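Hello,

Here is the structure I promised to pass on to you. Have a look at it first, and my notes follow below.

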Amino acid sequence: MITKIKIQGYRIYKDFELKPNQKLNLIVGANESGKSTLIEAISLALTGRINGKKAAEELNPYWFNTALVNQFVASRQSGGKQSFPKIKIELFFEGNDQLQELCGAHNSDVPTNACPGIKLEVTPNPEYSDDMEIWAKSPSLVLPTDYYQVDWRPFTDIPITRQPKKLATAIIDSRTVRSTSGVDYHLREILNDYLDPNERVAISQEFRQVKASMSDESLKGVNDRIGKLHASLHDKPISLAMDQSARTTWEGAITPHVDQVPFSMSGQGQQAAIKISLAMNKHSDKASFVMVEEPENHLSHTSLATLLSRMEELSGEQQQIFISTHSSFVLNRLGLDSILLMGADKAEKIANLQPETVSYFKKLPGYDTLRMALANKIVLVEGPSDEIVFERFFKDKYKKMPMECGIDVLSMRGLSLKKCLEFCSALDKTVAALRDNDGNDPKDLESELSSWLKKGEREVFIGDNNHGNTLEPQLLSFNSEESLRSILGIANTADINKWMTREKTESAIRISESSSNITPPDYIKSAVEFIND
C-alpha cells in the first residue's frame, strides 16, 4: 500500500505531500483543484506511462508547474543563475517482504527513510547542458523538453524500464473512451491479468497459424494471378500475405464482446463498468492499485448504485483504490470517512467522523454532502422555505446572493442537524445552523449540539419561544399582518398563520419575490450577520 505521496513541480503541484487512506480514497475538490492530476501523478509513478504511452514519449512543457517556470524565466532574464525546473513524483510503500526489491534510502525524506518506494523524475539531460544554457539566455515560458530526460527508479536507485509486477495498476477513466477499437492500453493490461503465460503463448501461436493459413489458402488464387505480373524491379513476383510482424499481434485483433456486441459499440457507461469490474476482480494475492476517474459518468442513478455495490464486493484486501468524483452519491455510498479534500497544494483527510455518521449517510446517499465539502461557508436550514427566506434577507442586507459571497445555503430536508454539523466539524467549515424551536427551550436544543459547535466558527441560531415555534409565526411577530397579507396576496378572511404554515414554500417564494420591505426575525438576522462576518 502507498503510505505517502510526494509531488514536486508537476502541473498544479509545486510542493505537495499526502498520506492517503490505506484502503479507499475518495478524491473531491473544486474545479482545477488537482483531482485528476493527483491520480495522473500516482499512475505515472506506478507505471512509467501516461495515456498508455511511455512517459518520455508524452513529455511536454505543460507538465511543469507554471509558477516554478515563471520564477525560473524571471530569474534568468534578470541575470540570475536559477536551476532549470524539475519534476519529481515519489511513492512510499509500507514495508513488507513482497516489496523488498524496491527498498532503499534514495528518496527525499529528511532524515533519510529506508523503505520500499518508487520515483519518477524529469530532469535536464546533461548531454544537452550547453544547448540549454544557450536557450536560457533568452528563455520563454515554454521549456525545451527535448533537452530533458525521464528517469524512473525504485528507492534502490537502480533504473527500471518496465513496471514491477508487484505494482500492478488498473487505470479507468470513465469520462472518455480513448480508443476507437474500445480496447485501450489499460484494458489490454487488465485482460492480460486473466491469462496465464501458457494461454497467452498458445493464443499467439494459434493466431499466427490462422494468418499463415489465410496466406496459403484464401489468398492462393489471387497470388497465382498477380504473380504473373511483372510490376517489380528485376521481375520478382508479387504476392499477398497476412502480416506476421509484431505490430499485428492478437491483442490488437481480438476484442471483448458484450452480449455478442463489440465492446467498442457498447454504451460508454457499460464500457466503464466493465473496466472497473475487471480491474477490481484481480487475484487477491496481487498487490494492486485501482485508479478510477469519475465512475458516475454515463451512468443512470440505478446503474451507478449497481456499480458501486459491485465495487464494494470486488475490492480485495490487497487493493488500494483512488476514486475522483463529483458525485455526492458516490461519497455517501462508499463512505464519507474516505474523503481526500483537494486544495491548493494540499489534501485534507477527514478526522473524527463517527462510524454511526458514516453509516447514516450511506443509508441516505442522495443528500448533497459534496456541497458541504466544497463550500467555503455553509448555512444549514431545515427546509426549502427557510432556504428561500434566508437568501432574501441576506440579499436585502448585502445586495448580493449568498453564493456570490462564497456561502452555500443547504436545506437538510429532514436530515439530522447533528449529523450534518458533525460532518461540517470534521471538515472544519464555518457554519450557521438555523432551526425552529418547536416549543422547546433554545438553550436545551443548543446543548444537544454542543459537541459540534465552536464560537465564531460553527453556531446555531434558534428563534425565541415568545415569537413562535416555527418560521411562519416568527415572521408574523416581526412584521405587521397587513403587510404580510399584501405580500402574500391573501384575503383578510383567511387565517394567515394557517395559510402560511400550510403553504410554506409558496409563502417563502412570494416573500422572496416581493419588492416590499420585510423585517427578518432576530435569529435569522443574527445568522445573516454571522456567516458573512
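Of the 533 residues in the chain, 46% are buried, where buried means under 20% relative accessible area, exposed means over 50%, and partly exposed lies in between (1.4 Å probe, protein chains only). Please keep in mind that this is a predicted model, in which local features need pLDDT of at least 70 and side-chain atom pairs count only at pLDDT 80 or more, while totals for chains, interfaces and linings use all residues. Residues are numbered from 1 along each chain as its sequence is written, and side-chain values use heavy atoms, with hydrogens and water left out.

The overall picture

The chain has 21 helices and 20 strands; these are DSSP runs numbered from the N terminus, with helices being H or I of at least four residues and strands E of at least two. Taking contacts (heavy atoms within 4.5 Å) between residues at least 6 apart in sequence, 73% join residues at least 24 apart. The accessible surface of the chain is about 26,800 Å², and carbon and sulfur atoms account for 48% of that; the areas come from the Shrake-Rupley method with a 1.4 Å probe, and for residues only the protein chains shown count as cover.

A covered strand

Strand β10 (residues 168–173) has six of its six residues buried. In a regular strand the side chains alternate between the two faces of the sheet. Here both faces are covered, with Ala168, Ala170 and Ile172 buried on one side and Thr169, Ile171 and Asp173 buried on the other. β10 runs parallel to β13 (residues 288–293), and six bridges join them; strands pair if DSSP finds at least two bridges between them. Opposite Thr169 stands Phe289 of β13.

A helix with one buried face

In α21 (residues 522–531), the buried residues are Tyr523, Ile524, Ala527, Val528, Phe530 and Ile531. Seen down the helix axis, they fall within an arc of 165 degrees, so they line one face of α21; the arc is that of the directions from the axis to the C-beta atoms. Those buried residues pack against several elements, including α14 (384–398), β19 (430–435) and α17 (471–478).

Two arginines to look at

Most residues other than glycine have a negative phi. Arg11, however, has a positive phi of about 50 degrees. Arg11 sits in the loop between β1 (2–10) and β2 (13–18) and is partly exposed, at 27% relative accessible area. Arg413 also has a positive phi, near 50 degrees. Its place is the loop between β18 (407–411) and α15 (417–426), and Arg413 is exposed, at 59% relative accessibility.

Best wishes
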